[in-house]
Amino acid sequence: MTSHPPPTRRAFLVAGGMSYFGIDLASRAAAASPTPDARRTVAKSTVMIWLSGGASHIDTWDMKPDAPEEYRGAFNPIPTSAPGIQLCEHLPHLARQAHHLAVVRSLGDHRRGTGDHHAGYYYGLTGHAPDRTFHQLLNARTPYPTDWPSMASVVALKRPPHPHLPSAITLPQKEDAPEYTRPGQFAARLGIEYDPVFVDGSRERPLDFAVPALGLSGDIPAERLHDRRSLLAAIDAAQRRAEDSSASRDYGKNQGKAFTLLASRRTKAAFDLRAEPEAVRERYGPGVNGMSMLLARRLVEAGVPFVTVFWKGDRELDKLCNSGGGWDTHGNNFKCLKDRLLPEFDRPFAALLDDLHHRGLLETTLVLVTSEMGRKPRIGDPRSGGVGGAGRDHWTACQSVLLAGGGIRGGQVFGSSDRRAEYPSENPVAPEHVARTVFHAMGIDDLNAVDREGRPFHLMDEGRPLTELF
């Protein structure tokens with residue numbers, strides 16, 4: 001854990017949930033899910049890996065070697081450990097783990113998406129199509145308190161609270177852009193107590209993950225922490241008397257939980273990657289994205305129900321790929337994938353699957369790899385020099401997702417795209433199907449909830465779980 005200066009009032013407010021770093025330990029009584037079928041494997045945790053920017057499906061797990069050259073690109077497919085499944089040649093480690101994978105190749109949202117990142121995040125993270133405000137505001141659309149909650153927040157609501165850790169954790173960053181935060185990551189209408197905890201990681205110090213306001217410099221003893229709590233309690237009691245609102249009540253609950261977390265050694269231990277043997281860390285690779293996947297495995301072992309890993313981009317890659325540093329490869333798509341993005345994903349993700357399997361955790365851990373969109377199959381983005389720029393533009397009409405564990409049958413492909421990977425062909429699905437599949441895997445069949453004002457509502461009316469995968 002990185003060291004922090006002595007906690008300020010602002011730090012406690014952050015820990016207490018008055019910002020997007022609200023601690024997510026559910027105290028409100030959650031509606032209990034029905035008892036699942038005894039024959040059904042119920043996942044205890046989900047790890048969602050989000051390839052921020054929009055990963056190119058046609059260059060990774062839905063390759064089209066027989067398509068015209070202007071579509072198929074520079075890469076070749078290779079066989080894998082799963083008969084009949086081919087992956088990109090630059091995913092050799094994952095190819096050896098493909099027997100764990102279910103590859104869904106028919107995901108699309110072109111009928112209701114907007115083609116921009118904000119709508120893609122919102123749709124993929126919540127399972128709800130973007131409303132008209134996304135079409136009006138595009139990437140200027142900020143999170144609204146009336147938004148649909150993220151899948152992570154729904155799981156936090158429906159699962160019993162963890163005894164000493166948040167029920168939903170996001171790392172190594174929250175997804176944002178210079179002037180706004182991407183919608184869809186938050187609990188929204190459920191209330192901030194179900195927001196995921198955001199854990200910060202950096203490329204410069206990939207072993208040091210910091211939970212905002214969980215660090216007390218100099219190992220401040222619990223007695224001093226409680227003294228600080230008493231002081232804040234007097235101040236905040238007056239504030240609450242003056243401002244008796246639902247937000248204030250949520251704040252009070254979260255502040256108490258934050259202090260509990262601050263006093264817990266077990267909380268800090270869960271984030272200590274230096275406790276892992278060096279050989280294990282080497283298997284995941286040296287970077288922050290690899291260490292984020294290793295930390296995800298540690299959090300699964302600790303019983304955290306939902307862990308999201310948002311791919312952390314590289315500013316140097318932005319200059320080469322016109323990509324914002326991530327998978328948004330508007331230019332130099334093939335060089336960026338071959339030299340940087342695919343190797344940085346391939347090694348740790350394959351290690352995560354193998355690690356979970358050998359520790360006996362994969363069967364009860366659903367692993368999902370997804371993104372806000374695919375890439376345009378026809379090569380050449382006008383914004384980066386057309387065909388000569390060798391980039392791929394946004395493409396919301398078709399993409400692929402990977403699933404493993406949590407009762408999923410490995411070594412299978414669900415659905416297909418057309419011969420150019422432009423549109424779903426067989427068994428088309430939308431993000432609501434993926435969300436319902438996650439809930440199904442985790443035994444969450446009751447999707448009734450109560451909003452921040454105490455009004456009942458249904459969390460998801462559309463879509464169905466892809467039970468064929470189990």
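The model is predicted, so local features need pLDDT of at least 70 and side-chain atom pairs count only at pLDDT 80 or more, while totals for chains, interfaces and linings use all residues. Residues are numbered from 1 along each chain as its sequence is written, and side-chain values use heavy atoms, with hydrogens and water left out.

Let's start with strand 5, residues 168-171 (strands are DSSP runs of E, at least two residues, numbered from the N terminus). Side chains in a regular strand alternate between the two faces of the sheet. Here Ala168 and Thr170 point one way, Ile169 and Leu171 the other, and all are buried (under 20% relative accessible area, 1.4 Å probe, protein chains only). Strand 5 pairs in the parallel sense with strand 9 over four bridges, and with strand 8 over two bridges, again parallel (pairing takes at least two DSSP bridges). Ala168 sits opposite Phe306 in strand 9, and Ile169 opposite Val197 in strand 8.

Now for Ser417, in strand 15. Is Ser417 buried or exposed? Ser417 is buried, because its relative accessible area is 7%. Its side chain makes polar contacts with the side chains of Asp62 (2.6 Å) and Lys64 (3.1 Å); such a contact is a pair of N or O atoms within 3.5 Å, where within protein one must be able to donate a hydrogen and the other to accept it, and residues adjacent in sequence count only if both atoms are side-chain atoms. Leaving aside residues up to four places away in sequence, Ser417 also touches others, including Arg105, Cys398 and Tyr423 (heavy atoms within 4.5 Å).

Technical notes
Buried means under 20% relative accessible area, exposed over 50%, partly exposed in between (1.4 Å probe, protein chains only).
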